[in-house]
Amino acid sequence: MKTDLIYSGKAKDIYATEDDQLVVAVYKDQATAFNGGKKEQIVGKGRLNNLISSLIFEKLELAGIATHFVRRLSDTEQLNKRLEIIPLEVVLRNIAAGSFAKRFGIEEGQELPEPIIEFYYKRDELDDPFINDEHVAFLNLASHEEIAYIKEETRRINGFLKGLFAQMGLTLVDFKLEFGVDQSGQILLADEFSPDNCRLWDADGNHLDKDVFRRGLGELTEVYEVVLAKLEEVK
C-alpha cells in the first residue's frame, strides 16, 4: 500500500499511498529524549507505540473527537488521513512535572488548580521554543479562531483521557498533541498518543511513560507493555 517516503522523524516514517488523501505511518524502535540529545534503539518499542496509539485513537473517535486515524495495518503500521501538520506542540498539564516544575521552581507532583495549555514552536533548530497565542498568530501558524478551537479540543481530549486512564488505575499527568488540517480544511488530531508523548503515573507514583528512558528508571518496553495490557482490559 505504501509508496514513497515523504517524511522521516524520530519515532515514525511517513509514506505516501496510491490515495493522495492517505498516508502510512511506520513506527520505529527508536527512543529519543532531550530533543534528540539522547537516542537509543529499543526492540519492540515501535510495536507498542503503534498498538497503544491505535487503541487510544479508536476510543477518541468513538467519543466524537476527530482524528487522522483510519485503521491499524500491522503491529508497526497505521493508516492515517494525510494532513498539513500545524507546526505546534500543544502541551496540556494537569500536574506539575518535568520542565514545567523545573521552570517555575515547583515541586513535581503538585496538582494544578485547572489544566494549563502551553504552545511550543516545532522547529528543531530553535529547540522547539515556548510561545504564546500572539506568537502563533504572528508566525501565521494558526488564526485566533483556530487557536481557540485547538485549545477547546485539547481540553475535551484531556477530559476523556483522564477518565480512561483513571479506569486503568493511572493518572494522566500531562501530554503533548499535534494537529493538522485535512484537504477540506478541517483541523484533526494528528501524530500519536502513547507513553512517548504523555506522562502516566500509577497509584504509587511509578512512571509508566518515556521518563523511564529519559531518567534511566528502568526498561521502557516493560512499562509500555503494562500500559498496553491495562488499555486492552478497558471496555
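Residues are numbered from 1 along each chain as its sequence is written, and side-chain values rest on heavy atoms, with hydrogens and water left out. Because the model is predicted, local features need pLDDT of at least 70 and side-chain atom pairs count only at pLDDT 80 or more, whereas totals for chains, interfaces and linings use all residues.

Helices (H or I, at least four residues) and strands (E, at least two) are DSSP runs, numbered from the N terminus. Asp 13 is buried, at 15% relative accessibility; buried means under 20% relative accessible area, exposed over 50%, and partly exposed in between (1.4 Å probe, protein chains only).

A salt bridge also joins Glu 118 to Arg 103, the closest N and O atoms being 3.2 Å apart. Here strand E10 (residues 111-121), which holds Glu 118, is linked to helix H2 (residues 98-104), which holds Arg 103. Glu 118 is buried at 4% relative accessibility, while Arg 103 is partly exposed at 37%. In a further pair, Asp 211 meets Arg 215 at 3.5 Å, N to O. Asp 211 is buried, with a relative accessible area of 0%, and Arg 215 is partly exposed at 35%. Through shared partners, salt bridges join Arg 93, Arg 103, Glu 108, Glu 118, Asp 174, Arg 199, Asp 211, Arg 214 and Arg 215 into one network.

Glu 89, in strand E9 (residues 88-95), is buried yet has no salt bridge; Lys 122, the nearest side chain of opposite charge, lies 4.2 Å away.

Helix H6 (residues 220-233) comprises 14 residues. Its buried residues are Leu 220, Thr 221, Val 223, Tyr 224, Val 227, Leu 228 and Leu 231. Seen down the axis of H6, these fall within an arc of 160°, so they line one face of the helix; the arc is that of the directions from the helix axis to the C-beta atoms. On the other side, Glu 222 and Glu 233 are exposed.

Terms used: Salt bridge = Lys/Arg side-chain N within 4 Å of Asp/Glu carboxyl O. Lys, Arg positive; Asp, Glu negative; His and termini not counted. Expected span 1.5 Å × (residues − 1).
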